Amino acid sequence: MTTQDDVIDAEYKPLAVVDERSAPPALFGTTDPVEIIQSAVRVADALKAVIVSKKLITVIQGKDYPQVEAWLTLAAMLRLTTVCEWSRPVDGGWEARVFVRDASGATVGAAEAQCLVSEKSKRAWEGYAIRSMAQTRATSKALRSVLGFIMTLAGYQPTPAEEMPNDAPAKTDKPAKASTPTELLAARATRLGLIPVTQGFFAAKAALENYSAKSNVPFSLVAMNAHCDMIEASERAADAEEQAAKATPIGKPSDKQKALAMALHSQLNHNDDKRHALYASLFGVQSFNDLTGAQVHDLIDLLQTDADAAAAQFNANDTFEDGGFLS
């Protein structure tokens, strides 16, 4: 038995101080500032190539705003995922909350957004489409809070396209009235998104020369106009193909629409219960046969977005390792 006067022989060990604050997400597998910037620039360059080839931007008043698919692609590259926590009706529309998780399952960002029927471009939209847009806006907004700086490094506006008001007519900073063949070619290349807006002969020439060096197109009026012809023809063909794939927007869905929707369901591993639950939540029906052509048109768009995001996630898992890049 010991008393207050007894001496106890014990080794002194200072208490460890535990910092309970969560560390910021190490998106690139490092906390070194220089390595972070180097990796972010590499991601931005890879992202820009995808955005340009897949046309994942919306031009608003002459500026390029990334669409939600661009944000989801960037998230997949860095092993981030988004989860809709809730969506609920509000007066005149819907609002939703989405949070962002890293590869460990930790929440690294979140945002809320609304979509209202009072918006000029949404007045004819049905409830399911308003709800879907609220979720889309919350998704891109949440990703912006984590990845906005990388989108800026890629040369795009950090504000998601879905957040921008599109009621006003788009104002594009057009070059001054062209007076030379070089300026006319530059104006054409600007409309195609090949070069930025220029003013004057020398600026037009410099922009075209820079594009020629990057794209390996000979720097001549004949060659570059032929290049523009080819791009315009390709765009017209793509538009025609898209319109054909989305035939019968009203009335009953076409056989091609049915086949495309079922293929996307299969790609996403949707069983019957999953499909019926999706139809009920989006359109208030239980069976695919009860959907109109317009509803199947919107369903295909939603399924395609999910399929693209899943494909991007799969490709990212084959390319990246431990949050960094493979050499």
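Which residues of α4 are buried? In this predicted model, they are Thr182, Glu183, Leu185, Ala186, Ala187, Arg188, Ala189 and Thr190.

## Helix α4

Helix α4 covers residues 181–191. Eight of its 11 residues are buried, so the helix is largely enclosed by the rest of the structure. The buried set includes Glu183 and Arg188 as well as Leu185 and Ala186. After α4 comes Gly193, which has a positive phi near 80 degrees.

## The chain as a whole

The protein chain holds nine helices and seven strands. Of its 327 residues, 34% are buried. Its accessible surface is about 19,800 Å², and carbon and sulfur atoms contribute 54% of that area.

Among contacts with a separation of 6 or more, 55% are between residues 24 or more positions apart.

Strand β1 (residues 57–60) pairs with strand β2 (residues 63–66) in the antiparallel sense, over four bridges.

## The three-stranded sheet

Strands β3, β4 and β5 form an open sheet in the order β3-β4-β5, with antiparallel pairing. Its edge strands are β3 (81–90) and β5 (107–116), each of which pairs on one side only. On average, neighbouring strands of the sheet are turned by 15 degrees against each other, direction ignored. Strands of a sheet pair through backbone hydrogen bonds, either parallel or antiparallel.

Strand β4 (residues 93–101) and β5 are joined in the antiparallel sense by nine bridges. Within this pairing, Phe99 has Ala110 of β5 as its bridge partner. Helix α3 (residues 127–153) packs on the sheet and touches β3, β4 and β5. The direction of α3 makes about 145 degrees with that of β5.

## Helices α1 and α3

Helix α3 also meets helix α1 (residues 33–54): the two axes come within 8 Å and cross at roughly 70 degrees. Helix α1 is therefore roughly perpendicular to α3.

On the α1 side, the residues that meet α3 are Ala40, Val41, Val43, Ala44, Leu47 and Ile51. Their counterparts in α3 are Phe149, Ile150, Met151 and Leu153. An α-helix has 3.6 residues a turn, so residues three or four places apart point the same way.

Where does Glu119 lie? Glu119 is in the loop between β5 and α3. Its relative accessibility is 19%, so Glu119 counts as buried, the cut-off being under 20%. The side chain of Glu119 makes a polar contact of 2.8 Å with the side chain of Arg137.

## Gln295 in helix α9

Is Gln295 buried or exposed? Gln295 has a relative accessible area of 9% and is therefore buried. Gln295 is located in helix α9, which spans residues 293–319.

The side chain of Gln295 reaches the backbone nitrogen of Thr292 at 3.0 Å. Leaving aside residues up to four places away in sequence, Gln295 touches Glu126, Tyr128, Phe283 and Asp290.

Note on methods:
Residues numbered from 1 in each chain as written. Heavy atoms only, no water. Helix = DSSP H or I, 4+ residues; strand = E, 2+ residues; numbered from the N terminus. Buried < 20%, exposed > 50% of the residue type's maximum accessible area, 1.4 Å probe, protein only. Polar contact = N/O pair within 3.5 Å; in protein donor to acceptor, adjacent residues only side chain to side chain. Contact = heavy atoms within 4.5 Å. Pairing = 2+ DSSP bridges. Axes fitted to C-alpha atoms, helices over the stretch in contact; angles between N-to-C directions. Areas by Shrake-Rupley, 256 points an atom, 1.4 Å probe, with all protein chains shown as cover. Parallel < 35°, antiparallel > 145°, perpendicular 65-115°, else oblique.
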